[in-house]
Amino acid sequence: MWFPDWQLRRPDAPPDSPCLIVDVAAVVVAADPAAQTAGVRCGMRRREAEALCPTAVTLAADPAAASAAFEPVVRAVEAVVPRVEVAAPGLLFVPIAGALRYYGGERAVMESVAGAVAGVAPGGHIGLADGPFAARAAAASAAAGPLLVDDTAAFLAGFDVSVLGVAELAETFRWLGITTLGEVTALPRAAVASRFGPAGLEAHRIA
């Protein structure tokens, strides 16, 4: 379950102006739709983001407050499936294998989680797939309701190599004409290890 705007759900966020949240390293960790329309993206330096969106209000990230605010969501999910892993405020992972028999299937678990959280914090995206990387990608793609991925490999195959989170490696892949996770998967593992080392092997495993 992922709340893309969780960092922006704070009382000092302006309701009528673009807003950015930056961490202690002056890197953007959240941007509202207005700032995104101006070209702001998470991972940008604060100076670059403010140049793109000069009218934006910039706030310092408050991880402790964001975590405390996220606790009711965690408790609501735990009431459905006891095992919950909080990756960050606004993002949690739930291994559901043990809950399948009780609820009667994957779709039923997802609907139960969605129902439990709806009254606490609406707007969460729910995705179900094999493994945390794929589940996170599914949640990011679940704008119209919970997304259940039946074929994880096929689902991930078309994703751009940038989702691996290693910009330098993604640039090298593109230089070689490799632009999607499916194309990364098609590379011989031994060749990836020889050319790219541990980072390439991790990328190949994820893909």
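Biologist: Among contacts in the protein chain between residues at least 6 apart in sequence, what share joins residues at least 24 apart?

Modeller: Contact means heavy atoms within 4.5 Å. Here that share is 38%. This is a predicted model, where local features need pLDDT of at least 70 and side-chain atom pairs count only at pLDDT 80 or more, while totals for chains, interfaces and linings use all residues. Residues are numbered from 1 along each chain as its sequence is written, and side-chain values use heavy atoms, with hydrogens and water left out.

Biologist: How many helices and strands does the protein chain have?

Modeller: Both are DSSP runs, numbered from the N terminus: helices are H or I with at least four residues, strands are E with at least two. The protein chain has 10 helices and 7 strands. Its C-alpha atoms fill a box of roughly 50 × 50 × 25 Å along the principal axes.

Biologist: What percentage of the residues in the protein chain is buried?

Modeller: Buried is under 20% relative accessible area, exposed is over 50%, and partly exposed lies in between (1.4 Å probe, protein chains only). Of the 207 residues, 36% are buried. Take helix 6, residues 132–140. Its buried residues are Ala134, Ala135, Ala137, Ala138 and Ala139. They pack against strand 6 (127–128), strand 7 (147–148) and helix 7 (152–157).

Biologist: Is histidine 204 buried or exposed?

Modeller: Histidine 204 sits in helix 10. Its relative accessible area is 13%, so it counts as buried. Set aside residues up to four places away in sequence, and histidine 204 touches Val184, Thr185, Leu187, Arg189 and Val192.

Biologist: At what angle do the axes of helix 8 and helix 10 cross?

Modeller: Axes are lines fitted to C-alpha atoms, for helices over the stretch in contact, and angles run from 0 to 180 degrees between N-to-C directions. Helix 8 (residues 167–175) and helix 10 (residues 189–206) cross at roughly 100°, and their axes come within 11 Å. That makes helix 8 roughly perpendicular to helix 10. The cut-offs: under 35 degrees is roughly parallel, over 145 roughly antiparallel, 65 to 115 roughly perpendicular, and the rest oblique.

Biologist: Which residues in helix 8 and helix 10 meet?

Modeller: Leu169, Thr172 and Phe173 come from helix 8. Helix 10 brings Arg195, Phe196, Ala199, Gly200 and Ala203. By class, this contact has 5 nonpolar, 2 polar and 1 charged residues. Ala, Val, Leu, Ile, Met, Phe, Trp, Tyr, Cys and Pro count as nonpolar, Asp, Glu, Lys and Arg as charged, and the others, Gly among them, as polar.

Biologist: How much space lies in the largest pocket?

Modeller: Rolling a probe the size of a water molecule over the atoms shows where empty space is left. On a 1 Å grid over the protein atoms alone, with a 1.4 Å probe, a pocket is an open set of points with protein on both sides within 12 Å along at least five of seven lines; lining residues have an atom within 4 Å of a point. Points are joined across faces, edges and corners, and a volume is the space filled by probe spheres set on them. The largest pocket holds about 540 Å³. It has 27 lining residues, with Val94, Ile96, Gly127, Leu128 and Ala129 closest to its centre. Strand 5 (91–93), helix 5 (106–118), strand 6 and helix 6 each give two or more residues to that lining. Its classes are 20 nonpolar, 2 polar and 5 charged.

Biologist: Which residues lie nearest the centre of the second largest pocket?

Modeller: They are Trp2, Pro4, Val29, Ala30 and Cys42, out of 21 lining residues. The space is about 450 Å³. Strand 2 (28–31) and helix 1 (33–37) give two or more residues each. Strand 2 gives the most, with 3. The lining has 14 nonpolar, 3 polar and 4 charged residues.

Biologist: What is the phi of alanine 26?

Modeller: Most residues other than glycine have a negative phi. Alanine 26 has a positive one, near 65°. This residue lies in the loop between strand 1 (19–22) and strand 2. Beyond its neighbours within four places in sequence, alanine 26 contacts Met44, Arg45 and Arg46.
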